[in-house]
Amino acid sequence: MAAQAEPKTVPAAASRESVTLHDNSTGKQLDLPLLSPTLGNKVVDIRKLHSGLDYFTFDPGYTATGSCESKITFIDGDKGVLLYRGYPIEELAEHSDFMETAYLLLYGELPTAKQRVDFVGAITRHTMVHEQLTTFYRGFRRDAHPMAVMCGVVGALSAFYHDSTDISDPQQRLIASYRLIAKMPTMAAMAFKYSLGQPFVFPQNRLSYAENFLRMAFAVPAEEYKISPVLAKAMDRIFILHADHEQNASTSTVRLAGSSGANPFACIAAGIASLWGPAHGGANEAVLKMLHEIGDKKRIPEFIKRAKDKDDPFRLMGFGHRVYKNYDPRAKVMQRTCREVLDELGVHDDPILALAMELERIALSDDYFIERKLYPNVDFYSGIILKAMGFPTAMFTVLFAIARTVGWVAQWNEMIEDPDQKIGRPRQLYTGAPQRAYVPVDKRK
Ligand code: SDX
């Protein structure tokens, strides 16, 4: 993003180091540059592999493939470290707030007091949605999944703002970015209200981002809504924890959609669609369903057995991660926040939390999980908090999407500003039919 404060960056050094590929079938060899990061693994630059050896690489699920250079977020999966622009997530969760973290992710530096005031003021002035947008909600059944509604209405935003879709113009990218960040809580709360058959609640610009969202979600016209500072702080912290996470599935979706020059609002709608999956952002909803299905500590061994059974598609939801092979640092903060919220709500012996903690204890002492380095991830505790705050499970991933919109927008801007950026177009290993002639229907067997 055209930075208000130039981020202090360390360019990915294209060092003279290289790796040499020897092709035993042709005797050819090829030197490929080794690029050095600020933190983490070096990467082999394979861009010359096809022209040099006429080969592609093959890596379903991109388990060992870097799709881009980025300065935004870094994860050390072995150590359980998560940094936003170099700042540990634990410190941001403790000392920062979501708007400051949003500025950091977008611009690369923590804002000065004036930059913060200007940024929050700019976001706040975009919290309302076009009145025509409300009609899109009425096309859905009241029992539609709110993520289905969000896919639809966020996609519909692409039809509203023709003054901010020239993505080559930094100013238009900025206004589109601010609109997305500002309007997601409003649209999410509208999806929740619509499912309840309650009237939409307008944003109040005197409130903080998290306070505004809680009020739009839970206030009713018939009475004053009293904001709990503890719940607002917990909501704000949950937003910080979910804001960005390197090139996860939904962020990669936004980058790939954006790489064709697509409308920014449509790109974010694509990210929402990807986040919805139970293997990704939908896991928080799936964790609650799983805990309710387990129901009693006595049944935990039965479900642990199922999770280990290759013939059973059941997995322990909220456990495991493509990158973290240690405890997800967000899960630790989430567990602490869980206790604060339950205390605030006067819930002292929540059976679902007790069940989750017992499940975690048993799983973390089981060889299957230890050998595979499967630990609780961000989704394991989040659902318990959100349920206690009054959100139905179907809303959990919507809350994830509110927060992740900041990361998606920051990564989308970084992708467009990247001088090496080109349309994403992966290759494949084709194992289908060789070329063959058309067979008229009367000749087919
Ligand atoms: C998020 O990418 C991100 O950064 C995502 C995210 C973000 O902030 O954007 O962090 C948010 O999506 C968190 C993850 C939420 N998903 C879940 O909690 C769903 C349950 N977890 C699994 O589906 C799984 O762990 C994944 C999808 C998260 C990761 O899968 P991988 O990296 O493809 O790992 P894998 O399937 O290759 O698993 C390795 C082994 C396998 O066993 P083996 O074949 O080696 O014998 O571990 C097993 C898996 O069967 N395994 C599990 C398991 N997760 C992995 N076994 C039981 N229960 C699990 N949860």
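This is a predicted model: local features need pLDDT of at least 70, side-chain atom pairs count only at pLDDT 80 or more; totals for chains, interfaces and linings use all residues.

Reader: Great. Which residues come nearest to the ligand?
Author: H245, H321, R322, R330 and R404 do, out of 24 residues around the ligand. A residue is taken as near if one of its heavy atoms lies within 4 Å of the molecule.

Reader: And what does that shell have by class?
Author: Ten nonpolar, seven polar and seven charged residues. Here Ala, Val, Leu, Ile, Met, Phe, Trp, Tyr, Cys and Pro count as nonpolar, Asp, Glu, Lys and Arg as charged, and the others, Gly among them, as polar.

Reader: What lies 3.0 Å or 2.8 Å from a nitrogen atom of the ligand?
Author: A backbone N or O atom of A279 is 3.0 Å from a ligand nitrogen, and a backbone N or O atom of L316 is 2.8 Å from one. There is also a polar side-chain atom of Y368 at 3.0 Å from a nitrogen atom of the ligand. The protein covers 77% of the 1,100 Å² of accessible area that the ligand has on its own, with areas from the Shrake-Rupley method and a 1.4 Å probe.

Reader: What is M150 in contact with?
Author: Leaving aside neighbours within four places in sequence, M150 is in contact with G155, M184, M187, A188, A191, I272 and V398. Contact means heavy atoms within 4.5 Å.

Reader: Changing topic: where is K183?
Author: K183 is in helix α7, and R179 lies in that helix too, which spans residues 170-196. Helices (H or I, at least four residues) and strands (E, at least two) are DSSP runs, numbered from the N terminus.

Reader: Why does K183 count as buried?
Author: Because its relative accessibility is 4%. A polar atom of the K183 side chain lies 2.8 Å from the backbone oxygen of H126. R179 is buried as well, at 10%, and among the residues in contact with R179 are H126 and Y161.

Reader: How about Q247?
Author: Q247 sits in the loop between α9 (229-241) and α10 (249-258). Its relative accessibility is 25%, so Q247 counts as partly exposed. The Q247 side chain makes a polar contact with the side chain of Q411 at 2.9 Å. A polar contact is a pair of N or O atoms within 3.5 Å; within protein, one must be able to donate a hydrogen and the other to accept it, and residues adjacent in sequence count only if both atoms are side-chain atoms.

Reader: Last one: what about the phi of E246?
Author: E246 has a positive phi of about 60° although it is not a glycine, and E246 is found in the loop between α9 and α10.

Note on methods
Residues are numbered from 1 along each chain as its sequence is written. Side-chain values use heavy atoms; hydrogens and water are left out. Buried means under 20% relative accessible area, exposed over 50%, partly exposed in between (1.4 Å probe, protein chains only).
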